[in-house]
Amino acid sequence: MNVLALIGRVILDGLETAGRMGMFAGNGVRHAVLPPFYFRLIGRQMLAIGYFSLPVVGLTALFTGMVLALQIYIGSARFNAESAVATIVVIGITRELGPVLGGLMVAGRVSAAIAAEIGTMRVTEQIDALVTLSTNPFKYLVAPRLWAATITLPLLVLVADTIGVMGGYLIGTQKLGFNAGSYLKNTLDFLETADVVSGLVKAAVFGFIIALMGCYHGFHSKGGAQGVGRATTDAVVSASILILVANYIVTELFFAK
Amino acid sequence: MTATPKISIRGLRKSFGSKLVLDGIDLDVERGESLVIIGGSGSGKSVTLKCVLGLIRPDAGSIRIDGTEVVGLRGDARDEMLRKFGMLFQGAALFDSLKVWENVAFGLIEGRHMPRAKAREVALQKLAQVGLGAEVGELSPAELSGGMQKRVALARAIAAEPEIIFFDEPTTGLDPIMADVINDLIVQCVKRLGATALSITHDMASARKIADRIAMLYKGRLIWVGPVKDIDHSQNAHVDQFIHGRAEGPIQMEVLRP
């Protein structure tokens with residue numbers, strides 16, 4: 001086996017996939033911003049992607065906030081900085097953990113569901129049927145999901161931020177002996193708008209990635225049940241990795257300012 | 001002077017990787033005619049239909065609908081072209097997130113922006129034409145039997161009163177009686193609309209019933225085209241073997257014999 005040829009093949013395949021994803025994304029965005037819009041479908045998807053993800057995201061945020069308060073207390077006690085717990089919890093949640101963990105949880109739930117649904121539509125020729133009924137699949141299937149996920153993820157993360165901070169507050173006041181009033185004061189006093197906004201921008205980007213990966217892998221699935229299964233896995237894995245990469249890029253952009 | 005054929009295919013070629021599927025197809029379908037393409041599994045029948053619809057891009061060749069080249073058509077021009085078509089898919093391909101009547105009305109509501117209430121009326125009327133009552137319209141496709149799904153798919157294909165209808169293996173997977181019911185419905189619907197029909201099948205009973213002319217596809221080429229009454233004396237060994245369903249003959253299936 002020629003090693004160089006193998007490396008070349010892997011790189012070429014990777015570039016080809018990246019190119020196809022890029023073109024798919026461009027096509028999706030073009031159809032998402034140009035009329036006609038399927039408001040009913042966007043609404044239905046917002047319900048499926050956003051509302052039904054609330055329990056998962058809420059629980060994730062609650063326990064993350066709780067554990068964060070504990071860990072930061074242990075760390076800050078080493079140099080007598082216990083009063084920083086509230087501030088660090090809120091910054092950690094809004095800037096980083098709320099959007100990233102929320103995004104990853106929704107990726108597992110929603111990318112998989114989208115890929116499975118669209119993948120099944122592909123292998124049962126339903127997407128071809130859409131075309132023969134003068135309906136563009138990008139407009140009907142991809143655009144509403146891109147919109148719904150991009151709009152609902154920031155809303156979900158806003159809820160997650162609140163619940164996460166409440167988790168920290170719960171541990172801070174019940175277990176670590178902080179005064180309730182001063183914990184809340186410390187939480188709010190040092191929180192800047194940019195902390196929350198950068199988190200929400202991240203969430204919107206993650207939402208876009210989640211819907212895009214679900215749609216892309218669903219659209220390109222082939223070969224019956226097994227193909228749909230593979231598409232589902234690929235969607236979750238690629239969405240999760242892209243979320244982590246995008247997280248760094250967006251953080252870097254905000255950090256530069 | 002002869003009229004322009006409804007569908008005119010010239011030199012259509014398509015290969016997937018190293019596998020040559022269509023090797024230069026020339027075929028005309030006249031206005032109002034029902035042409036059936038027969039051929040074994042994997043002979044390129046479905047690919048031919050999908051090339052005409054633009055679902056698959058051919059490697060070479062020309063496809064004209066009403067004299068207009070459609071290969072490579074995009075955007076609005078393509079939507080306009082697709083409006084002339086209805087298609088019955090092999091697996092029915094009903095949208096399982098929608099009710100039966102919404103499936104039938106889909107092309108009217110989404111493709112032609114008809115108000116929902118009016119589209120529903122048309123849908124129920126089309127369902128009645130294929131022998132299904134209004135109560136079926138409220139069900140979801142998953143609750144229907146295979147034969148009913150096919151009939152709903154037929155109602156959907158004819159709902160927008162297309163000029164051209166494609167039937168992809170309309171009787172596959174149905175019992176012989178339901179298959180004959182579908183055949184009758186196809187003949188009726190096509191006649192009523194005065195539509196041009198292009199079907200693919202390997203069910204000879206179906207082909208004899210719905211075809212005006214039959215074309216046989218073998219190894220990516222059309223080896224015989226003629227009126228349905230001539231199929232029994234085609235003088236073509238391949239055609240004879242196929243219509244009588246004999247394992248022995250010039251067509252060798254790629255099966256390893258023990």
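Lys and Arg are counted as positive and Asp and Glu as negative, with His and the chain ends left out. Each charge is placed at NZ of Lys, CZ of Arg, CG of Asp or CD of Glu. On this basis chain A carries 17 positive and 13 negative side chains. The centres of the two sets lie 6 Å apart.

The model is predicted: local features need pLDDT of at least 70, side-chain atom pairs count only at pLDDT 80 or more, and totals for chains, interfaces and linings use all residues. Residues are numbered from 1 along each chain as its sequence is written, chains are lettered from A and ligands numbered from 1 in the order in which they are written, and side-chain values use heavy atoms, without hydrogens and water.

Chain A contains nine helices and zero strands. Helices (H or I, at least four residues) and strands (E, at least two) are DSSP runs, numbered from the N terminus. The C-alpha trace of chain A spans about 65 × 55 × 35 Å along its principal axes. Of its 257 residues, 47% are buried. Buried means under 20% relative accessible area, exposed over 50%, and partly exposed in between (1.4 Å probe, protein chains only). The accessible surface of chain A is about 12500 Å², and carbon and sulfur atoms supply 72% of it. These areas come from the Shrake-Rupley method with a 1.4 Å probe; for residues, only the protein chains shown count as cover.

Helix H9 of chain A covers residues 224-256. The expected span of a helix is 1.5 Å times one less than its number of residues. Buried residues of H9(A) include A:Gly227, A:Val228, A:Ala231, A:Ala235, A:Ile243 and A:Val250. Their cover includes helix H4 (85-123) and helix H8 (193-219) of chain A.

A:Arg122 belongs to helix H4 of chain A. Its relative accessibility is 26%, so A:Arg122 counts as partly exposed. Beyond its neighbours within four places in sequence, A:Arg122 contacts A:Ile127, A:Asp128, A:Gly218, A:Phe219 and A:Ser221. A:Arg122 and A:Ser221 are 99 residues apart along the chain, yet their C-alpha atoms are separated by 7.0 Å. Elsewhere in chain A, a cis peptide bond joins A:Pro35 and A:Pro36, with omega about 0 degrees. A:Pro36 sits in the loop between helix H1 (3-33) and helix H2 (39-49) of chain A.

In chain B, four strands form an open sheet in the order E2-E1-E4-E5, with antiparallel pairing. Its edge strands are E2 (19-29) and E5 (68-69) of chain B, each pairing on one side only. Two strands pair if DSSP finds at least two bridges between them. Eight bridges join E1(B) to E2(B). These two strands form a hairpin with two residues between them, and B:Gly17 in the turn has a positive phi of about 60 degrees. B:Ser15 stands opposite B:Leu20 in E2(B). Five bridges join E1 (residues 7-16) to E4 (residues 60-65) of chain B. Here B:Ile9 has B:Ile63 as its bridge partner.

Strand E6 (residues 85-88) of chain B is covered on both faces. B:Phe85 and B:Met87 are buried on one side, B:Gly86 and B:Leu88 on the other. Four bridges join E6(B) to E7 (residues 164-168) of chain B, and the two run parallel. B:Met87 is bridged to B:Phe166 in E7(B).

Helix H1 (residues 45-53) of chain B has eight of its nine residues buried, so it is largely enclosed by the rest of the structure. B:Gly54 follows H1(B), with a positive phi near 80 degrees. B:Ser199, in strand E8 (residues 196-201) of chain B, has 1% relative accessibility and therefore counts as buried. Not counting residues up to four places away in sequence, B:Ser199 touches B:Leu35, B:Val36, B:Ile37, B:Phe167 and B:Ile210.

Most residues other than glycine have a negative phi. B:Ala92 has a positive phi of about 70 degrees and is buried, at 3% relative accessible area. B:Lys219 has a positive phi of about 50 degrees and counts as exposed at 62% relative accessibility. B:Lys219 lies in the loop between strand E9 (213-218) and strand E10 (221-227) of chain B.

Conventions:
Contact means heavy atoms within 4.5 Å.
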